[in-house]
Every structure is written in C-alpha cells, then in structure tokens.
Amino acid sequence: MKTLNTYGDGPKDFESVFGNPKFDANGTLLSASAISLSYFLKDQSYLEGGSTVDPINEEWEKSVFLTSVQSAAAAAEKNANNGGVVSIAYLSSRSFSDEFGGEIQGDLIYVQISYIIAFLFVGATIGSRVGCGIGSRWAMSLSAIFLVALSTVAGFGVASLAGLLYGPVHSVLPFVLLGIGVDDAFVIANAFDREREGIARASEDDESLIQRGSRALARAGASITVTSLTDLVAFAISSSSALPALASFCAFASINIFFLWALAATFFVSCLVIDEKRQRDNRRDCLCCLTRKRDEVEDTGSKEGFISRYFRKYHAPAILSKPGKPVTLLFFSVLLSFGIYGMIKLPVEDSARNFIPVNSYIKDYSEAADQYFPSSGETLYITFENGEDIYNKRDSLAVLDTRLRGLSDKPPYIAEPTDSNYQNVMAGLKEYLATNAESIGVEVGDDGWPITYEAFVATLRSFANFLGPGAKYAQDLSLSSDGSNLEAFRVKAEYVRLTKTYRGEVLDDASRQIAAMDATRDMVNSWTDLPTAFPYSASFIAVEGFKIINTELYRNVGLAIAAVGLIVLITVANIVTALLITFNVAFCIIEILGCMMALGLVIDSVSVINIVLAVGLSIDYSAHIGHCFMVKGGDNKDARATESLADIGASVLNGALSTFLAVAVLLFSSSYVFKT
C-alpha cells in the first residue's frame, strides 16, 4: 500500500482503479476489495463493406488476452475452492458479439424443433385421419412446411439483394412466417374439403379436381388475400420507422409475406390437387408410388370435423346465448381494462444486459463492476473544432476539468475527473511544457504556451504521437494531411454508472441515460466562450433509441392498425365488420402490452418488434372470421356467426395452435430474443 500511495493524487484518483477503497483521514489508501486493469490497443480498424472491422486487434484479444485471462480465471476459481480469495472478472471489445452471436447460433436448434412440431401438428389435423389411410394428409403437412421454407428463402434472398440490414432479431421471423403460412394452408385445405361435401372421391376425374381447386381458391383465396395484404401493409408501414432494427425487420417481413401469399395461392393449391388425386387413386400417403387395398367404408363426401362440430354445437350457442353475450363482453372488458392499466405502467428500459447469456463471463464482469466500481460508466468524448479557436482559448481548454466537477449526482452524471477517467491533451501539453519547454527548444510566452499558432501545432504534433511523451493522447488529435493545421481534438471523460434494480434485476437506467445525454449536449452548447464543440459517447446510439422507442412503438402500431382498418373496409365492404376487426386487433395489442407488464418485460428493441408481429398475427385470425361472416347469407346474424365459426373456426384454431406449439419451444431457449 505504501508503494501504491506514491501514485495518484488522493482518493479521487484511486476510486476509479480500486473497488471499495478505504482511506484514512489524510486520504491515504488503506485497503481495497478489487483492482481494475485496462489494456489499450492501437486502433487498426478500417471500413469493409460499409462496416468498421479490426481483425488484427480482434485476433489478439481472442488468441492472447482472452486465452490468458480465462486460464488465470480458471486457476483463481480452483484456488478459491481451496480457500483462495482472488477472483477474476474480464471483458474485451469482442466479448459481446462473441457471446451473443454464439447464443443465437446455439439456439437455432429450436427453429428445427419448432418446424418438426408444426409438421406433426399439421399432419395430424389437416386431414380427416391422423394415421396413414384414406383421408390422411401427411404429405400435405410436408408441403405446408416446404411452402414456409420456400417463401423464407425467397424473401430473405430478395431482402439481402436489396441491401437490407440483417440483425439477431431477424431470427424470429421464420416462426412468424410459420404461423401465417400454416394458417393459410389450413384455410385453403378447409375450403377444398368443403367443396367436396356430398361428393365421393371416386366420382371425380382430373378435370373435376381442378375445378374443385379453382372453387376452393375462389372461396379461400379472398380470405388469405385480405389477411396477407393487411399483414404486408402493416409491416411495410413500420419499415419506415426511425429505429433501424425495426425498419429492417418489417421490410424483411413484408417481402416474405408477399412470397408466402404467392406460393400459398399457387404451390400449395397445386400440391393439394395432386394429393387429392393420390387419395382418389387409393395411393399411400408420402409413398404415392404404392397403392393399398380399397377401404370398405363407403365414401359419401367430405364431412364436418370434430372442431367444426364443437363450434357449431357448443361454442357458438354458448357465447351467442342471452346470458353468454354479456358474460363474454364482461370478461373481455375486464381483460381490456387490465391491458390498459399494464400498458400505462409499462416502462422503457435498457435491456442490453438481458442479451447476455446467463452463464457468460460478461455477466460476471457486469456484476463485479456494479459491486466494486459504481462510479465507473460509459466513456464520453467532447470534441473541439477549429485549430485557431483552440489556440486562442488554450488556457480555458487546459482547465476544462473544472467545468466537469460536481456533476456526478445530477444530470449530466459525469464522474469526477481523475487521472484514470479524464484525459485532456491541452492540460497534458501545458504540464509538459512547464518543465521541458527549454530542453526541447520550444519558445513559450508568459502564459507557458508556444508564442505562435504554427509553433503550437508543431509542438502538439511532436508531443502527442505514438513515440512521443504524450503517446496516450495520440488518438485525441485530428491534424490536416500535411500536419500543419489542427482540425480538432477531443477530451475524454466518463459518466457514472447509471443502473437501477427492476423486479430484482439490475438494468441500465434508460431515463437517467436520456437525461445524461440531453444535459451533456445542453452543457456543451452553453460553452459559448470556447471553440465549437460536440459530445459523443458510444452509448448515445442506444440512448437515442430509448428517446424515441416509446413513440415509435405506438406510432407504428397505430398506423398499422389504421391501415388494417382501411384495407379491411375496402375488401370486406362493411363498415361495422371492418370496425370490429380493427378494434379486435387493437384490443389484442393492448392486452399483450398489459401481459408484458405482468411478466416483468419492458419496452425495448425486441419487444417493439414482437408487438408489430402481434399486429400481423392478430389480423389473420380476426380477418378470416370477419370475411367468412360477410360471405354467409341470411338475415339472422347469430346464425351467420355460428356458420362462420363452424366453417373457418377450425382452420383459425388449428393455425393458432400450430403457431403456439412452435413458438412455445422457444421458452426453453437461453436467448433473450427467442424467450421474449
């Protein structure tokens, strides 16, 4: 400790390096619980394909730094088990991309499992028989999955060709397409079957099957076109969002939905007709080259399935009865009220830590930093421009730290300047010239600075280069190509750690981060006596998102729902039905937001995308029922509602269940994107 106390200038310098330091009355360091070591690498990055890459430093971090510290951490953990007291927490600039990318790749197995579950469910429900035999449609289940896969490949290919950004959240898109595609498959298959009611398969020739396919597509095509069009427009509107991740995701989704609709109306219907020929010719499912013995049961045409009979005999009469209507309205009114309450209480938070895998060393580092270095946060740079102005204001710039003191407990939450968290080349140069000006042959005035601007730039250039006495400032200068003019320089400072506990979890405090960013900009703009300047922090990109994410969520969802209402009105041609469908979609979104609050979720980049997705899925189910209701004849609305549920209710329910089962698999994922 005696040796350590010879360095630094009191507690403020030590607090950023030592965790939980203890001092005596004279400011002498007595003990500490942790020490922070930082290694700075020379910037060797360059642009490649529109992105900044630094393969040399990244490889050094992987092969040298991470390998070394992981070995040391393992040894420390082993010693801790034997009574040792030292533990090591570490982090590198590539850590987050390594850990998060690996987590996403590792969880892609769940995509495969989801598709297998969807295949099994569709195969068991899309036909009139679960096992192999007359009425089974396992080959059509495979066709439905293949339909989704083809549209996904085509959509992703076109979107990539257009240069759209692909991010980790896009991994969710195949599940959405699976839900929408399977739903369309059920609707088309249901219409195809209903066109055969009372008609034996053996009585249909090839031309009759083609005509039945045409009638089925005329019946179901309008419904899937309405839902696909509303989905496409809803996502297309959100592709104009100011949030790049949301805009890109929605652009991907709208392109994929177009291909999903096109292939459902062509590929799937064709497969359905071919499969019906197989059944007519008594060929085996999936092994259509083999025939089987004739079924002795007489084929009298397609019959209404169990789920359709349930809707007709039990569900519809229950909810449409005199007591059923008010009970149903009351139940969903309570659910809506809860949703409104939850929506109002739902906060915007920085959930970046949730992306970190549970067992990752990054989480250990974050917890250690929170515990031992609560005053250490994001780096802030303040850049000053115009060399002449910088030279004229040199004395004020050299003591800039005085303007940054006393701001740690209020916006902009800048940590007290110390040697470890504050770096100012102007202060460093003045201190250097005070003792070395004569020895290096620099003529200085009474103020201790070079007497001309040209001499100042030359001295600064010589001082702050990688081989000079001010090497640590080398990356803080921007000189002209010939080195004769100072274009800008930056001052490094640091924010305090802005975190809070939300339902037992430590999160970065989004509201204080926004206040810190805005106050920093206001503070820098108020320095009218200094050269033109602007602040920058790597966290500002995320914080800018926090500022607008709430507005973007409700704006995009609101516009999407409004577009849905307009399109449904045009296609359904009934104001009341269009309003009911629109309100139903809106109420679903409100209730989802309420459930998010109850589950402890927050508004962030992932949940915003999921909410927009929910708009698309909600449209499908509501519009199918609404469209079917409008094509049913008669003056008795209760009877029309019953017939609509019996007709398309089974398809909607099966589509919803297949989506639910496929997505439920993601609950076992350790990835925040999938779990959310």
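How many salt bridges does the structure hold? The structure holds 17 salt bridges, each defined as a side-chain nitrogen of Lys or Arg within 4 Å of a carboxyl oxygen of Asp or Glu. The model is predicted: local features need pLDDT of at least 70 and side-chain atom pairs count only at pLDDT 80 or more, while totals for chains, interfaces and linings use all residues. Residues are numbered from 1 along each chain as its sequence is written, and side-chain values use heavy atoms, with hydrogens and water left out.

One of the salt bridges joins Glu643 and Arg312, with the closest N and O atoms 2.4 Å apart. This pair links distant parts of the chain, 331 residues apart, with Glu643 in helix α20 (residues 637-664) and Arg312 in helix α9 (residues 306-320). Helices (H or I, at least four residues) and strands (E, at least two) are DSSP runs, numbered from the N terminus. Glu643 is partly exposed, at 32% relative accessibility, as is Arg312, at 27%; buried means under 20% relative accessible area, exposed over 50%, and partly exposed in between (1.4 Å probe, protein chains only).

Asp395 and Lys430 form a salt bridge with an N to O distance of 3.2 Å. Asp395 belongs to helix α13 (residues 394-398) and Lys430 to helix α14 (residues 425-436), so the bridge ties together parts 35 residues apart in sequence. In the salt bridge between Arg512 and Asp509, the closest N and O atoms are 3.3 Å apart; Arg512 is partly exposed at 26%, whereas Asp509 is buried at 8%. A network of salt bridges links Arg137, Asp193, Arg212, Asp275, Glu276 and Arg278.

The count of disulfides (pairs of cysteine sulfur atoms within 2.5 Å) is zero. For Cys250, the closest cysteine sulfur is that of Cys588, 18 Å away and too far for a bond. Cys250 is buried, with 0% relative accessibility.

The chain contains 21 helices and 12 strands. Its radius of gyration, taken over C-alpha atoms, is 33 Å, well over the 26 Å given for 676 residues by the globule rule (2.2 Å times the number of residues to the power 0.38), so the chain is more spread out than a compact globule. The C-alpha trace spans about 110 × 55 × 50 Å along its principal axes. Of the 676 residues, 47% count as buried.
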